[in-house]
Amino acid sequence: MTHMLAEGLADEEIIDNVMFMMVAAHDTTASLFTFLLRHLDGNRDAYGRVVAEQQEVARSKAPGEALSWDDLAKMKYTWSAAMETLRLVPPVFSMLKRAVEDVEFDGHLIPKGWQVLGAMNLTQQDPAIFPEPSRFEPARFESPIPPYSFVAFGGGARMCPGNEFTRVETLVAMHYIVTRFEWKLDEGCDGSFSRYPMPSPARGLLIDIEPIDTTTTGAAGISK
Ligand code: HEM
């Protein structure tokens, strides 16, 4: 049964919004984190740079002190690794847009009113912008890239409003996982994945993980 509040949303709209947020906010970030771990596990040089960056932040903190906005700004390489993960395995693989006027693109006319399906994983594989596009190379994002070539969060007026929040939660989670834990993916985890429609590793994400003994390594869980 649907109830309308005096000045508010109907129950159905509230349910619809909650369902949307669970997929748009939770599943997307879970997918990013899953594939970030996978790519770092398979690219030890990149992982070494992430660990070094996070250890430097951890060393600057007093025992028990929380991360600050300034700390997040120092995590540039870690965020480049997350963007590179979103480039290779975008959680949202396509989006529909409507042409608000006639558009000519590459000799083709897209008439006003037509719907266009943009495919993130094709746009983000352009070798003219991302040489050797299938290679995991976070350093690509250390220099500016042309607008609308990285579209994991969409683009334009309806671009994902959660992108900054994603950055915060991803960087905070990565900080603790690399400074407080030793981890390694199980050898059975290969690179394959399927989409339902979010990408999910075909053989799961089995991980060997152990807390680092902070009594011997300091509060941040790392050697000073
Ligand atoms: C890795 C994480 C995420 C990815 C890859 C992602 C991707 C996207 C994409 C592709 C769109 C459509 C954009 C367009 O049409 O141009 C979108 C829309 C949206 N996202 Fe995200 N998202 C992520 C995280 C989040 C989070 C954490 C939140 C909320 C806390 C969120 C809330 C939304 C909302 C409300 C919309 C609809 C915006 C609108 O239609 O105006 N997303 N997201």
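Which elements each supply at least two residues of the lining of the second largest pocket? They are E1, strand E2 (103-105), strand E4 (115-119) and helix H5 (120-123), where helices (H or I, at least four residues) and strands (E, at least two) are DSSP runs numbered from the N terminus.

This is a predicted model, in which local features need pLDDT of at least 70 and side-chain atom pairs count only at pLDDT 80 or more, while totals for chains, interfaces and linings use all residues. Residues are numbered from 1 along each chain as its sequence is written, and side-chain values use heavy atoms, with hydrogens and water left out.

A pocket is an open set of points on a 1 Å grid over the protein atoms alone, where a 1.4 Å probe fits, with protein on both sides within 12 Å along at least five of seven lines; lining residues have an atom within 4 Å of a point.

| Pocket | Volume | Largest share of lining |
|---|---|---|
| Largest | about 700 Å³ | H1, eight residues |

The ligand takes the space of the largest pocket (more than half of its atoms lie within 2 Å of the grid points). Around the ligand stand 24 residues, near meaning a heavy atom within 4 Å, and H1 (11-42) gives the most to this shell, with six residues.

Key
Grid points are joined across faces, edges and corners, and a volume is the space filled by probe spheres set on the points.
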